[in-house]
Amino acid sequence: MLVFLSRLVQPIEHLHRHVIAVMRGRPNQQLKLSTAVTELQEFATAFDIAVSEYRLRLSDAGTKSRLIESDSTILDMQIQALVETSEMPAFVLDVAANIRIWNRHMVALTGVPRARANRLLFSDTFLGIDSQATFDAAFADARAGNLPDPIRCWIQAENKGSVDAELQLSPQI
C-alpha cells in the first residue's frame, strides 16, 4: 500500500515542482504523469467495483431482512391465533416481560381490555409485591430456556380485587 501511495504522490510532487518552476519562469524538463494517471484509473476502477459489491450485499441483506420480517409476522399471527383459541386465560410476554398477546379469558379475568394490556409490564401491573419476585425468578428461568415449575400468585383484577392463579411459564419460542 505504501508503494502504491508513493507512486501516486511522487507524480503530484513532480507536478507541484513543475508548476512552481513555470510560475517563476524556469520550466523544468518534460513532465511524465502517465504512470500516475494509470494508477489512479486502476484505483478508481477497483473502488467502483468495491462500491458495486457493497451495494449488492446491502440489497441482498435488505431482501433477507424483509423475508425474516414476513416470517416473523406470520409466526406472530399463528401464536396469536393459538393463544386466542385457548379455553384458559393465556398471554404472551416479550423478552422484557411486557404483554404482547392477551386472550379474551384474560380480559374477562382482569377486566383489562387487550388494547390497554398491550405492552404493559406484566409483573408490575398485575401482580402484588409478594408475587413479583417469584414471577420474575420464574420468568428469568424461562428466558434461559428452562421450564420453571408452576407458580402460585395473586393477579390484580379491576373491579374484582385479587384472583388466586397458577401460572405456567414456558421457554421463549
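Select Glu84 and Arg104: the two form a salt bridge, with the closest N and O atoms 3.1 Å apart. A salt bridge here is a side-chain nitrogen of Lys or Arg within 4 Å of a carboxyl oxygen of Asp or Glu. Glu84 sits in helix 2 (residues 34–85) and Arg104 in helix 3 (residues 104–110), so the pair ties together parts 20 residues apart in sequence. Helices (H or I, at least four residues) and strands (E, at least two) are DSSP runs, numbered from the N terminus.

Before moving on, note that this is a predicted model: local features need pLDDT of at least 70, side-chain atom pairs count only at pLDDT 80 or more, and totals for chains, interfaces and linings use all residues. Residues are numbered from 1 along each chain as its sequence is written, and side-chain values use heavy atoms, leaving out hydrogens and water.

**Stay with Arg104**

Colour by accessibility. Glu84 is partly exposed, at 23% relative accessible area. Arg104 is partly exposed too, at 36%. The cut-offs are under 20% relative accessible area for buried, over 50% for exposed, and partly exposed in between (1.4 Å probe, protein chains only).

The side chains of Arg104 and Glu87 meet in a salt bridge, 3.6 Å from N to O. Glu87 lies in the loop between helix 2 and strand 1, and Arg104 in helix 3, so this pair ties together parts 17 residues apart in sequence. Glu87 counts as exposed, at 61% relative accessibility.

**Jump to strands 3 and 4**

Select Arg152 and Asp164. Their salt bridge has its closest N and O atoms 2.6 Å apart. Arg152 is in strand 3 and Asp164 in strand 4, so the pair ties together parts 12 residues apart in sequence. Arg152 counts as exposed, at 51%. Asp164 counts as partly exposed, at 41%.

**Go inside**

Next, select Leu93, Trp102, Phe122, Phe135 and Leu167. These have the most contacts inside the largest nonpolar core, which has 21 residues. Such a core is a set of buried Ala, Val, Leu, Ile, Met, Phe, Trp, Tyr and Cys residues joined through side-chain atoms within 4.5 Å. Elements that each supply at least two residues include strand 1 (91–93), strand 2 (99–102) and helix 5 (122–126). Helix 6 gives the most, with 4 residues.

**Centre on Trp102**

Leaving aside neighbours within four places in sequence, Trp102 has contacts (heavy atoms within 4.5 Å) that include Glu84, Phe91, Val107, Arg114 and Phe126.

The structure holds 6 aromatic pairs. Trp102 and Phe126 form a tilted one, 4.9 Å centre to centre with 35° between the planes. Rings of Phe, Tyr and Trp (its six-membered ring) pair if their centres lie within 6.5 Å; planes under 30 degrees apart count as stacked, over 60 as edge-to-face and the rest as tilted. Trp102 is in strand 2 and Phe126 in helix 5, 24 residues apart. Both Trp102 and Phe126 are buried.

**Last stop: helix 1**

Find Val19 in helix 1 (residues 2–23). Val19 is partly exposed, with a relative accessible area of 41%.
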